[in-house]
Amino acid sequence: MSRCVLDEESFRLCCRLLLQRSEQLRDGWSWKAVQGSEEGYLRKTALRSVVIDPSPARDQEGSGSDSEPRTSCQSCPDQQGREKEESTLVASVDTDRVSGAIDDDEDDGVCTVSGGSSQVLQYEYHILHSCSYAAPVLYFRAFTQEGRSLSLEEVWSSVHPSFRLRLQSSPLNTITLQEHPLLGQPFFMLHPCRTEEFMRPVLQAQDQHRPVNYVLSWLSVVGPVVGLDVPLKYSTQLCPAASPGSSTEPN
């Protein structure tokens with residue numbers, strides 16, 4: 001199998017390694033098993049101060065959610081006008097934006113967009129494995145302090161303009177509203193259709209002789225789009241194999 005795709009066994013190993021490092025950094029990731037099932041997912045919550053951009057977030061055409069719910073094993077729908085991604089999209093994730101380690105289960109960050117109103121929002125992030133795309137998928141949702149869920153338009157408005165322009169011109173990481181495949185609840189999702197394509201240069205650019213955590217490398221690219229930064233400390237002391245007796249091991 002190509003190293004640019006990820007089977008479920010490799011996904012769980014990557015999650016186990018990420019969880020071990022998260023526990024050391026107190027970064028708040030945990031493994032949530034689905035009751036009555038062997039499946040599970042990574043979960044993290046964070047408080048973020050987000051400035052909502054009052055300008056139109058995106059064109060109306062294609063901005064709505066799909067009418068039918070998706071599971072993690074559904075195939076990618078055909079998309080018109082797909083454009084070949086530029087390699088600069090991967091480079092657009094500036095490592096200087098990566099935040100430091102955080103305490104417990106909360107991450108205080110600021111997404112700065114001029115001309116809008118600032119709100120403190122509660123984000124919940126889930127990382128699942130898609131058997132159809134052989135790749136990790138990022139699901140998330142956001143709430144106001146009063147408990148109101150953000151709409152798709154508000155989520156697009158909270159995305160930094162530099163990321164938003166790239167997302168609107170490329171299907172690489174389109175944000176849609178979907179049914180969570182394990183919980184059956186509405187979540188926003190960064191669509192994984194092109195994950196293999198944008199991960200190929202990322203993995204090839206790394207040292208071929210150094211162990212690579214696919215999930216961590218992928219998360220460092222897609223996470224900042226929705227305010228989920230990966231501390232630089234994750235890149236140090238990554239072990240090639242997990243400890244057999246780790247309490248954070250996904251079941």
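A residue is called buried when its relative accessible area is under 20%, exposed when that area is over 50%, and partly exposed in between (1.4 Å probe, protein chains only). The structure is a predicted model, in which local features need pLDDT of at least 70 and side-chain atom pairs count only at pLDDT 80 or more, while totals for chains, interfaces and linings use all residues. Residues are numbered from 1 along each chain as its sequence is written, and side-chain values use heavy atoms, with hydrogens and water left out.

Asp27 is buried, with a relative accessible area of 2%. Its side chain meets that of Lys44 in a salt bridge of 3.0 Å, N to O; the term denotes a side-chain nitrogen of Lys or Arg within 4 Å of a carboxyl oxygen of Asp or Glu. Lys44 also counts as buried, at 1% relative accessibility. By this rule the count comes to 7 salt bridges.

Another of these joins Arg43 to Glu124, with the closest N and O atoms 3.1 Å apart. Because Arg43 lies in strand S2 and Glu124 in strand S4, the pair ties together parts that are 81 residues apart in sequence. Helices (H or I, at least four residues) and strands (E, at least two) are DSSP runs, numbered from the N terminus. Glu124 is buried at 10%, whereas Arg43 counts as partly exposed at 22%. Together with Arg141, these two residues form a network of salt bridges.

Strand S4 (residues 117-130) pairs with S5 in the antiparallel sense over 10 bridges; two strands pair if DSSP finds at least two bridges between them. Within the hairpin that S4 and S5 form, 4 residues lie between the strands, and Ala134 takes a positive phi near 50°. S5 (residues 135-144) is mostly covered, with 9 of its 10 residues buried. S5 is also joined to strand S7 (residues 186-190) by 3 bridges, the two running antiparallel.

The largest nonpolar core has 47 residues, and Trp29, Tyr125, Ile127, Leu138, Ile175 and Trp218 touch the most other members. Helix H6 (residues 214-222) supplies the largest share of this core, 7 residues. Such a core is a set of buried Ala, Val, Leu, Ile, Met, Phe, Trp, Tyr and Cys residues joined through side-chain atoms within 4.5 Å. Leaving aside neighbours within four places in sequence, Trp29 is in contact (heavy atoms within 4.5 Å) with residues including Tyr125, Ile127, Arg43 and Lys44.
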